[in-house]
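Subject: Structure for your review

Dear colleague,

Please find below the structure that I am handing over to you. My findings follow after it.

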Amino acid sequence: METSQAARGRAPADAPLETDYLVVGAGAMGMAFVDSLLSEQPEAQVLMVDRQHRPGGHWNHAYPWVRLHQPSAWYGVASRELGSVDKDTLGLNAGLYRMATGTEVLTHFEQVMQQRFLPSGRVRWLPMTDYQRGADGTHRVVSHVGSQARTVRVRRRLVDATQLRPEVPSTHPPRYARSPGVSCIPVNELVSTPRAYARYTVVGSGKTGIDACLWLLEHGVAPAQIRWIMPRDAWMLDRANYQPGLENFERNMTHLADQFGAIAEAGTPAAVFARLEATGALLRLDPTVEPTMYRCCTVTQDELTALRTITDVVRLGRLRAIEPTRLELDRGSLPAVADTLYIDCSAAGIKPMPRLPVFDGERINLLLVRVCQPLFSAALIAYVESHVDGDAARNAMCAAVPIPEVPRDWIVMWALTLANTAQWAQHEGLSAWLRNCRLNSNAVMARGVTPDDQPRLALLAQVSALAQQAGARVPALLAMPS
Ligand SMILES: Cc1cc2nc3c(=O)[nH]c(=O)nc-3n(C[C@H](O)[C@H](O)[C@H](O)COP(=O)(O)OP(=O)(O)OC[C@H]3O[C@@H](n4cnc5c(N)ncnc54)[C@H](O)[C@@H]3O)c2cc1C
């Protein structure tokens, strides 16, 4: 007797799957890409897989008080707003637009999946499922729950939405040794410490380390109780220069003009950074320490003031070991203080991207195509995939912009961003898309400028002229030693 599912008109559970696009990774990048693809290719079928149980990628592992680093106005997917567009009235971000919490970000992506992707009938979603590439090039998806392995026939492209591989402390244990008896926790556990400690040592100088220091200060820990292990000082961005709302237009555009002016007119890379600091485009914790890191990290002036109250800042390189009475670092050792809680914030965050083209034969690698804007980049790549013919033409407008690591990368990022932007302006459809896309921070910042608003249009024209001059100047600047 025929009892197979096939006989009843359904494919057997292990039958090969078929799709136009197989998207590996339902983190922020994968979600932004698929959202844009559904709008731009009304017929495309998508299979999304992720080894996690819900969309949102690294946000599923974030510390409980995490928030976006930039306003919610241009984060999430293009087809719907993320949370409410209002300003903080309390705390160290007061006066600036809200940044969604981790929970809000996860809710946004879950709603996009449940209310847009799945009801479209064009997206099939396999959570708790690993993607594997067979030695013969076949695509396989393996469920963690049912253990079924199925092959996938991909009609158009494999979309790799795992390339940025952010590292967060809860999933990446510290690389330094910890002696037994030392109290050392990942930053996520700070909210569940059962008692107060005499001293707190924050390990890591990235955005997570900053957030841990601010959390301690906001919860009444005295600055003198905090030690901050700072392997590298960073240049940081003033969040007030990245705000939606017409009331911020002049400030945002002046900030852009300052940056392009610095590239176009300063004589050397060092002079560029001196000018960026003088105009307030870049900030540093300690004016006497030259930053050696740049990671697109944003702070407010109030946050900076609070961070500067911490004076026990250890600048001896990376931590190698915490022993009961000593700390070993790259460039020396220090006595350990009794009854200290060590808070690990040393994970790399977003790591340098592999050197790959975005459009890569049968694959699309979701990489950045504009400075520090991953979700916008993913959405734009979906547009270009849908409306531009041939990978050579597509890659010509989507040169991969590296994740920055050192200050010089600030210039590299702008060089590639300006080159891409010049290409985008040549494409009529893409220009229209850029004007309307909510993930395009430049368009959001200029929203509401009317055709008769001459002063603002003049400022926009000035920014555009400086951008062209900056684009022409960067090759010479990058040819110089740092
Ligand atoms: C704390 C923090 C705050 C941030 N704030 C901002 C901000 O304000 N604005 C902004 O623009 N950006 C911000 N970013 C960056 C941005 O949110 C994203 O982190 C970035 O784009 C990386 O997301 P992703 O989707 O590329 O990677 P991930 O979040 O890592 O998603 C990749 C997914 O792929 C899955 N996966 C990997 N390999 C496989 C496999 N073989 N099979 C199946 N699944 C697989 C993983 O499970 C994961 O869910 C922030 C980042 C951090 C860490």
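I begin with the surroundings of the ligand. In this predicted model, α1 contributes the most to the shell around the ligand, with 3 residues. Helix α1 spans 28-40, and β4 (129-133) and α7 (374-387) likewise each supply at least two residues of that shell. In total, 31 residues surround the ligand, and the closest are Gly25, Gly27, Gly57, Leu68 and Pro374.

Regarding the protein as a whole, the model contains 12 helices and 20 strands. The C-alpha trace extends over about 75 × 65 × 45 Å along its principal axes. A compact globule of 482 residues would have a radius of gyration near 23 Å, and the protein, with 24 Å, therefore agrees with that expectation. Of the 482 residues, 40% are buried. Among contacts between residues at least 6 apart in sequence, 72% join residues at least 24 apart.

Finally, a word on confidence. The mean pLDDT of the protein is 93, and 96% of its residues reach 70 or more. Residues 1-9 need separate mention, as pLDDT stays under 50 there. For this segment the model has 8 contacts beyond four places in sequence. Where pLDDT is low, predicted coordinates should not be read in detail.

Yours sincerely

Terms used. Residues are numbered from 1 along each chain as its sequence is written. This is a predicted model: local features need pLDDT of at least 70, side-chain atom pairs count only at pLDDT 80 or more; totals for chains, interfaces and linings use all residues. pLDDT is the predictor's confidence in each residue, from 0 to 100. Two residues are in contact if their C-beta atoms, placed from the backbone, lie within 7 Å. A residue is near a molecule or strand if its C-beta atom, placed from the backbone, lies within 6 Å of it. Helices (H or I, at least four residues) and strands (E, at least two) are DSSP runs, numbered from the N terminus. The radius of gyration is taken over C-alpha atoms; the globule rule is 2.2 Å times the number of residues to the power 0.38. A residue is buried if 20 or more other C-beta atoms lie within 10 Å of its own, exposed if 12 or fewer, and partly exposed in between; C-beta atoms are placed from the backbone.
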